[in-house]
Amino acid sequence: SKMENGVTFSFSEKTLTAHLSGEIDHHSAKPVREAVDSELFKTRPEVLVLDFSRVKFMDSSGIGLIIGRAEVCASLLTQVRLSGVNPTLKKLMKLSGIEKIKNISI
């Protein structure tokens, strides 16, 4: 798994896991988004897991990151699972309504 822009990847059994780390804000979201998309098109997984267990801070840019990836994944028929979501992040996610997006599960 290689470190790239605050995200490392692992791939097994048709599942791509993006291990996010540090802070996800306006500044850091773009390179992470590009790295995840590039990996998605390379591996075309059945499931994309976004792992937030090492994320220290996230603002609405992180929500945009998730929603945007869900849209890309929908076109690839890929399910999105969010893991390692702490209570603070979960609250932010619930408020944003991302649970209503059909290919996302938290």
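A nonpolar core is a set of buried Ala, Val, Leu, Ile, Met, Phe, Trp, Tyr and Cys residues joined through side-chain atoms within 4.5 Å. In this predicted model, the largest such core has 30 residues. Those with the most contacts inside this core are Leu 50, Phe 52, Met 58, Ile 66, Leu 82 and Met 93. Two or more residues each come from strand 2, strand 3, helix 1 (26–43), strand 4 (47–58), helix 2 (60–75), strand 5 (79–83) and helix 3 (87–96). Helix 2 gives the largest share, six residues. In soluble globular proteins, nonpolar side chains tend to be buried together.

With neighbours within four places in sequence left aside, Phe 52 is in contact with Leu 20, Ile 24, Met 58, Ile 66, Leu 82, Ser 83, Gly 84, Val 85, Leu 89 and Met 93. Among these partners, Met 58, Ile 66, Leu 82 and Met 93 are also named with the residues that have the most contacts inside the core.

Strand 2 (residues 7–12) pairs with strand 3 (residues 15–24) in the antiparallel sense, over six bridges. Within this pairing, Val 7 is opposite Leu 20 of strand 3, and Leu 20 is one of the contacts of Phe 52. The hairpin has two residues between its strands, and Glu 13 there takes a positive phi near 45 degrees.

The charged side chains come next. The whole structure contains five salt bridges. One of them joins Glu 46 and Lys 14, at 3.6 Å from N to O. Glu 46 lies in the loop between helix 1 and strand 4, and Lys 14 in the loop between strand 2 and strand 3, so this pair ties together parts that are 32 residues apart in sequence. Glu 46 is partly exposed at 46% relative accessibility, and Lys 14 is partly exposed at 49%.

Lys 30 and Glu 34 meet at 2.9 Å, N to O; because they are four residues apart in helix 1, about one helical turn separates them. Lys 30 is partly exposed, with a relative accessible area of 45%, and Glu 34 is partly exposed, also with 45%.

Another salt bridge links the side chains of Lys 94 and Glu 99, at 3.2 Å from N to O. Lys 94 counts as partly exposed at 44% relative accessibility, and Glu 99 is partly exposed with 39%.

Methods:
Residues numbered from 1 in each chain as written. Predicted model: local features only at pLDDT ≥ 70, side-chain atom pairs only at ≥ 80, totals over all residues. Heavy atoms only, no water. Pairing = 2+ DSSP bridges. Buried < 20%, exposed > 50% of the residue type's maximum accessible area, 1.4 Å probe, protein only. Contact = heavy atoms within 4.5 Å. Salt bridge = Lys/Arg side-chain N within 4 Å of Asp/Glu carboxyl O.
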